[in-house]
Structures are given as C-alpha cells and as structure tokens.
Amino acid sequence: MAQLDTQFMQQALELAARGAFSTSPNPQVGCVLVRDNQVVGSGWHERPGEPHAEVYALREAGDRSHGATAYVTLEPCSHHGRTPPCADALIKGRVSRVVVAMRDPNPLVAGQGIERLRQAGIDVEVGLLEQQAREVNRGFVSRMERQRPWLRLKMAMSLDGRTALANGKSQWITGAEARLDVHRYRAQSGAILTSARTVLMDQARMTARHPQAERQPLRIVLDRLRQLPPEHDFFAITSPVLRVVEQRDSAGGDEHWPEHVTTLALPVAKGRLPLRALFNKLIEYDINEVWTECGAELAGALVAAELVDEFVIYMAPKLLGDSGRGLLQLPAFHGLEQVPELTFESITQVGDDIRIIAYPKHGGAARGEIVS
C-alpha cells in the first residue's frame, strides 16, 4: 500500500505543478481520488477565486468518491475564503481516507482542516512526500513561515565570470533559449525586482514575455535617488509597478504618476535602502516569489544581507576578458572561511548556454527547507 500511496501522491504533485503560471498568490495544489486502486477523480487549483483541487476531483468522481482515498498535496482548507472549505467538500463526498503531503502553513488553516476531517471519522495521514510538496510551494511556504517571499537571483555571465564588457554592453551574452527560460521564470513569479540603474542602462522592461504567461508580475524598481521620471518607457507598460524610493523630510515628488505605479518610501541607512525591511513589506502585496535581475551592486548587497534563497546563473560559452564587469560586488574577504558557500542543485544545458541552480548553505533554505 505504501508504494501505491507514493505513486498516487506523486500524481497529485504533478497536477499541482500545472498551476505554476496561474495560482499565485494562492498555493499550487493537486488532488487525486482513488477507489479500488483506480483513479476516479483528479484536479488541481488553477486560479485564485476558482475551485480548489479537491472540488475538481470530487466533481469528476461523482458518487465514486464514496469510500475513496483522497491524495492531496496540501492540507484541505477549513475556512471560507473566496471558495467554501475543501475539508467540508471531502466530508460531503464521503471519502474514507485522506493522505496529505504537508500541513498548511497558513495560520487560517494550520491543522484545522486535518482536525475537521478526523472529527468526521475520516482516517487522515500527513507527511507523505512532504519535502517535494514544500518545494512546489516554496514561495507560499516562505511567505507564511518567514513573512517574506522566496528570492531568486538571476545572473548571466561569460565563461570567465563577466557580465558585460568594460563599456557596459551586455546584450546579448546568452542565447535565445536561455532568454526564453528567463521569461518562463518571470511568468511564474509574483514580482520582478530590479534597480533604476539597470533600467536606465539596459532600457529594461522587466515583463514576462512567455507563451504561458497568464498575468504580469509586479515590477519592483529600487530608485533611491528618484532617477526614473513618470514619462520613462518603463512606466508606459501598464502592468503594476512598485517604485521604492528614499524617504525624505520635505514633501517633494509632486510628479503625476500613472495609476498602476505605487510609491513606497523607506528610510535610508548609510546610503542604502533597507532590503530586509522591503522584503518583509512585500507580504502585504501577497508576493510568494521574487525574481531578481540587477547589476553587481544590488546583487552583492542581496547576497551580503543573506536574502538570496536561490541562484539561477546562466553561463555563456564566451570570454569577455579581465576588463569586463564582474558578477557581484562583495566586500573583500581575508580568508576562505569568510566566503559564501553554495550547493549546486542542477546544471542544465539550455541551448548553447548552461543554467546553474544553486542554493546558499547559510540558513538551511535549500530545497524548500524554510527557516527564519
């Protein structure tokens, strides 16, 4: 039975992954209903406000849900949101057993769905393929457990570790396949973080231009010195923008900003915006995952602040020479014990380039192991 349980939960996880482009800020959830070792219903949560995975599976199963086992990647909800509680739907569907991959870290649920099922006489087991379930929803888990989103830092470099020529020219280091891969990541993220310097240097739009993109992520631009005027092309695109600037004593900033642009003013310390405070603030915008594309200065600051949860590095088979610009601006280290260490998760060829995914060893955040 254990082997079959694992098989059916794996199917539920594969269903959950289908919501990668559309469920945010909700978690990705898959459900499989099984009776007599046969799948009788399945579903996944597709979009916020639409039925949850359990409801789709129950609709497909009909009366065949009676006495069935439900395999669910996340604890069935117990509260009324935009949809009724899924725990109640499973009880009404007369399932006899529910296998849950992980408890819901949302305080509104947090074990209450499991308890409601058990009180109804349903056998509930929790923890099957839990690590995989946490990885599927690492951004949602991060927001709930750490009160900040999961941060991916994207960097593109030559084989000799340079991001641009000495004159700043960098388009394009990588090939078309790698750039499409970047847009896939953008489309799956709740927000894209960049700096005013990057926007000005690269004329960057920071939009998700991918065939599966269902919505545009929030574009966050750090513009401490207010270098980007309202008429800049970056703001001509009407997808939401969060403009982060330095908080000033004087009123200032009388410019007329488009409705899709929100300004967040934060106090500056030592000439820098408070990055950790910014990321804690992002939970108010229901952001699960932040995709970051920026220059060496901001990238180095994020690494130094231990805010980077995942590195996505594209390496092109090119040599830019030692006069080219470096990948990160980090403080000088005096011993190897001071150097940040990473763990390679995967190395994949994407077109002519290589994509490296790595996690920092600090904090144990690798592979969804979220800690504060």
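Which residue forms a salt bridge with Arg152, and how far apart are the closest N and O atoms? The partner is Glu289, and the closest N and O atoms are 2.7 Å apart, where a salt bridge is a side-chain nitrogen of Lys or Arg within 4 Å of a carboxyl oxygen of Asp or Glu. The structure is a predicted model, in which local features need pLDDT of at least 70 and side-chain atom pairs count only at pLDDT 80 or more, while totals for chains, interfaces and linings use all residues. Residues are numbered from 1 along each chain as its sequence is written, and side-chain values use heavy atoms, with hydrogens and water left out.

Helices (H or I, at least four residues) and strands (E, at least two) are DSSP runs, numbered from the N terminus. Both members of the pair are buried, Arg152 with a relative accessible area of 11% and Glu289 with 13%. Buried here means under 20% relative accessible area, exposed over 50%, and partly exposed in between (1.4 Å probe, protein chains only).

Strands E6 (residues 150-158) and E11 (residues 289-293) run parallel and are joined by 5 bridges. Glu289 is also the bridge partner of Trp150. Two strands count as paired if DSSP finds at least two bridges between them. These strands are part of an open sheet of 9 strands with mixed pairing, in the order E10-E9-E8-E7-E11-E6-E12-E14-E13. Strands E10 (261-266) and E13 (342-350) stand at the edges with a single partner strand each, so one side of each is left without a neighbour in the sheet. From one strand to the next, the twist averages 20 degrees.

Strand E12 (310-316) is mostly covered, with 7 of its 7 residues buried. In a regular strand the side chains alternate between the two faces of the sheet. In E12, Glu310, Val312, Tyr314 and Ala316 are buried on one side, and Phe311, Ile313 and Met315 are buried on the other. E12 runs parallel to E6, with 7 bridges joining the two; one of the bridge pairs is Met155 with Ile313. The pairing of E12 with E14 is antiparallel and extends over 5 bridges, and Phe311 has Ala358 in E14 as its bridge partner.

Two helices lie against this sheet. Helix H6 (residues 138-146) lies across E6, E11, E12 and strand E14 (353-360), and runs at about 130 degrees to E6. Helix H7 (residues 176-188) packs on the sheet and touches E6, E7, E11, E12, E13 and E14, its direction making about 145 degrees with that of E11. Axes are lines fitted to C-alpha atoms, for helices over the stretch in contact, and angles run from 0 to 180 degrees between N-to-C directions. Contact means heavy atoms within 4.5 Å.

Arg184 is partly exposed at 23% relative accessible area, whereas Asp181 is buried at 10%.

The structure holds 21 salt bridges. Another of them joins the side chains of Lys361 and Glu341 (3.6 Å, N to O). This pair links the segment after E14, which holds Lys361, to the loop between E12 and E13, which holds Glu341, the two residues being 20 residues apart. Glu341 is partly exposed, with 47% relative accessibility. A network of salt bridges links Glu46, Arg47, Glu50 and Glu214.

The loop between E12 and E13 also contains Val339, which is partly exposed at 31% relative accessible area. Val339 forms a nonpolar surface patch with Leu330, Phe333 and Leu336, with about 350 Å² of accessible area together. Patches are made of residues with over 30% relative accessible area and no salt bridge; like charges are joined within 9 Å and nonpolar side chains (Val, Leu, Ile, Met, Phe, Trp, Tyr) within 5 Å. Accessible areas come from the Shrake-Rupley method with a 1.4 Å probe, and for residues only the protein chains shown count as cover.

Ser195, in strand E7 (residues 191-195), is buried at 12% relative accessible area. Apart from neighbours within four places in sequence, Ser195 is in contact with Val221, Leu222 and Leu298.
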